[in-house]
Structure formats: C-alpha cells, structure tokens
Amino acid sequence: MATIKEAFTLKYQGNLNVEIEEVSFASGEEVELLKEWKGETCLVKKGEQVFNVPKKYLNLG
C-alpha cells in the first residue's frame, strides 16, 4: 500500500469508447501500489482503475 501526500486530480479513460473522467485523490488516501517504475512514476490502483502516478505525490514507505 501507498498513501497520497497531497490532493490532486488525474484524468482516466477506460477505453476509446467512453468519456474521459476526472478522478480525485485525497491527502492521506490509501492506494494499492502495483509497480514502482525506475523513472518518476508508480503504477497504482484505486478501486478498479489503474494510474501512473508521479512518485512526488506518494508516500511509499
């Protein structure tokens, strides 16, 4: 698990046939850490949605 450091919003589109939606992340919220990439992002899961989130927004400890 990882927690969100500060609130932010990302855009999500499940596939090309659906609208883009904005998904908000709240400070202190827990997300499932799926993969820590070598670069500046991590793959996280919130509910059924998966996002590449910049590491600067996450507490990985």
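Author: S1 and strand S4 (residues 30-36) run antiparallel and are joined by two bridges, with Thr 3 standing opposite Glu 30 in S4. Keep in mind that this is a predicted model: local features need pLDDT of at least 70, side-chain atom pairs count only at pLDDT 80 or more, and totals for chains, interfaces and linings use all residues. Residues are numbered from 1 along each chain as its sequence is written, and side-chain values use heavy atoms, with hydrogens and water left out.

The open sheet has five strands in the order S6-S5-S4-S1-S7, with antiparallel pairing. S6 and strand S7 (58-59) stand at the edges with a single partner strand each, so one side of each has no neighbour in the sheet.

Now your salt bridges (a side-chain nitrogen of Lys or Arg within 4 Å of a carboxyl oxygen of Asp or Glu): the whole structure has three. Glu 36 and Lys 55 form one of them, with the closest N and O atoms 3.6 Å apart. That pair links distant parts of the chain, Glu 36 in strand S4 and Lys 55 in the loop between S6 and S7, 19 residues apart. For burial, under 20% relative accessible area is buried, over 50% exposed, and in between partly exposed (1.4 Å probe, protein chains only). Glu 36 is partly exposed at 46%, while Lys 55 is buried at 19%.

Another salt bridge joins Glu 29 and Lys 46, with 3.2 Å between the closest N and O atoms.

Note on methods:
Two strands pair if DSSP finds at least two bridges between them. Helices (H or I, at least four residues) and strands (E, at least two) are DSSP runs, numbered from the N terminus.
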